Amino acid sequence: MSDYNFSIEAKNLNKKYNKKKGVDINALIDLNINIPRGSIYGLLGPNGAGKSTFINILGSLVIKDSGKVKICGIDIDGDAKKSRKKIGIVPQELNIDPFFTPIELLELQAGLYGVRKKDRKSEEILSKVGLLEQKNAYARTLSGGMRRRLLVAKALVHNPEIIILDEPTAGVDVELRKNLWNYVKDLNNKGTTICLTTHYLEEAENLCDHITIINKGKILKSDTKENILNLIGKKTVSFALDKKIQIPHNLNRYNPVIDNNKLLVNYDKNITQLKEIIEILNKNNISFYEINTYESDLEDVFINLIKNHDT
């Protein structure tokens with residue numbers, strides 16, 4: 001095995017698109033990303049953030065203006081062919097030839113990557129993505145979800161060390177999304193590094209170890225998922241009350257609200273402990289029979305960072 005700690009390394013990466021009317025668009029601005037080997041890494045950002053530009057540079061579909069990129073320790077400028085063999089890219093677009101069957105498409109893709117016939121695992125891959133029964137059906141007859149799975153299968157034919165998923169579950173139903181998540185986790189457990197861009201924050205929260213949030217070509221935050229979730233320590237606690245109450249004055253700093261016999265209190269877990277709030281209730285003889293807490297999620301963090309960046 002090669003000796004490298006990061007599956008993908010990007011240093012001071014820049015890309016500018018020349019638009020008409022003399023207005024240039026900076027798609028990437030001094031981007032620095034290190035994707036740890038064996039991780040599931042999420043790239044989050046709104047439309048136009050630069051996610052797809054970054055992926056297209058990795059796949060040599062877009063030429064960077066400046067900066068260094070290494071894939072599995074291989075500089076893409078030094079050996080583009082070798083670096084491309086290390087990655088499998090699942091694009092957003094359902095770009096599948098409608099007149100080929102899934103088995104034909106996988107065999108063709110394997111041939112393009114120089115995989116010898118005896119080393120090909122086309123049927124095994126189709127089985128893993130749940131398309132073995134459709135292996136001889138024309139691609140044009142497949143549903144949108146099946147075509148999405150076929151794109152994943154195509155990216156796996158050369159047994160790449162890294163899979164890059166660009167919005168893998170866009171427009172896919174909930175059940176298929178969960179199936180794809182399980183398959184991604186399974187690939188990762190076998191040692192494959194996964195890099196995914198997604199609009200579904202639930203997807204990133206469910207899958208990723210590390211997350212980078214980008215907007216307008218710049219990194220807003222890059223850290224482990226746990227550290228990013230801890231950025232916003234908001235918690236809401238709900239107390240089911242025995243009877244109607246007057247809200248005590250010393251609870252006002254927690255923005256209390258009474259809704260349907262429930263007292264809702266918001267606090268920052270980095271500053272306040274729940275027991276402090278319970279003590280206030282006890283001192284004011286406020287009794288409750290049920291308590292539930294809710295934490296801020298990745299969506300809160302994402303919206304907060306984007307909002308602060310745009311202002």
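These entries record what I looked up in a predicted model.

**Entry 1: the sheet.** I began with the open sheet, which has 6 strands in the order β6-β7-β8-β3-β9-β10 and mixed pairing. I noted that β6 (87-90) and β10 (218-224) stand at the edges with a single partner strand each, so one side of each has no neighbour in the sheet. From one strand to the next, the twist averages 15°. I then looked up how β6 meets strand β7 (residues 162-166): the two run parallel and are joined by 4 bridges. Within this pairing, I found that G88 has I163 of β7 as its bridge partner.

**Entry 2: helices on the sheet.** I recorded that α1 packs on the sheet and touches β3 (40-44), β6, β7, β8 (193-198) and β9 (210-215). The direction of α1 makes about 145° with that of β7. Helix α6 (residues 174-189) also packs on the sheet, where it touches β3, β7 and β8. Its direction makes about 150° with that of β8.

**Entry 3: burial of α1.** I asked how many residues of helix α1 (residues 51-58) are buried. I found 6 of the 8 buried, so the helix is largely enclosed by the rest of the structure. The buried residues are K51, T53, F54, I55, I57 and L58. Just after α1, I noted that S60 takes a positive phi of about 60°.

**Entry 4: a helix pair.** I examined α3 (residues 102-112) and α5 (residues 144-155), which pack at about 30° with axes 9 Å apart. The two helices are therefore roughly parallel, and their crossing is right-handed. I listed the contact residues as P102, L105, L106 and Q109 of α3 with L150, A153 and K154 of α5. I counted 5 nonpolar, 1 polar and 1 charged residue in this contact.

Definitions and conventions. Residues numbered from 1 in each chain as written. Predicted model: local features only at pLDDT ≥ 70, side-chain atom pairs only at ≥ 80, totals over all residues. Heavy atoms only, no water. Axes fitted to C-alpha atoms, helices over the stretch in contact; angles between N-to-C directions. Parallel < 35°, antiparallel > 145°, perpendicular 65-115°, else oblique. Left-handed = near helix turned anticlockwise from the far one by under 90°. Contact = heavy atoms within 4.5 Å. Nonpolar A, V, L, I, M, F, W, Y, C, P; charged D, E, K, R; others polar. Buried < 20%, exposed > 50% of the residue type's maximum accessible area, 1.4 Å probe, protein only. Pairing = 2+ DSSP bridges.
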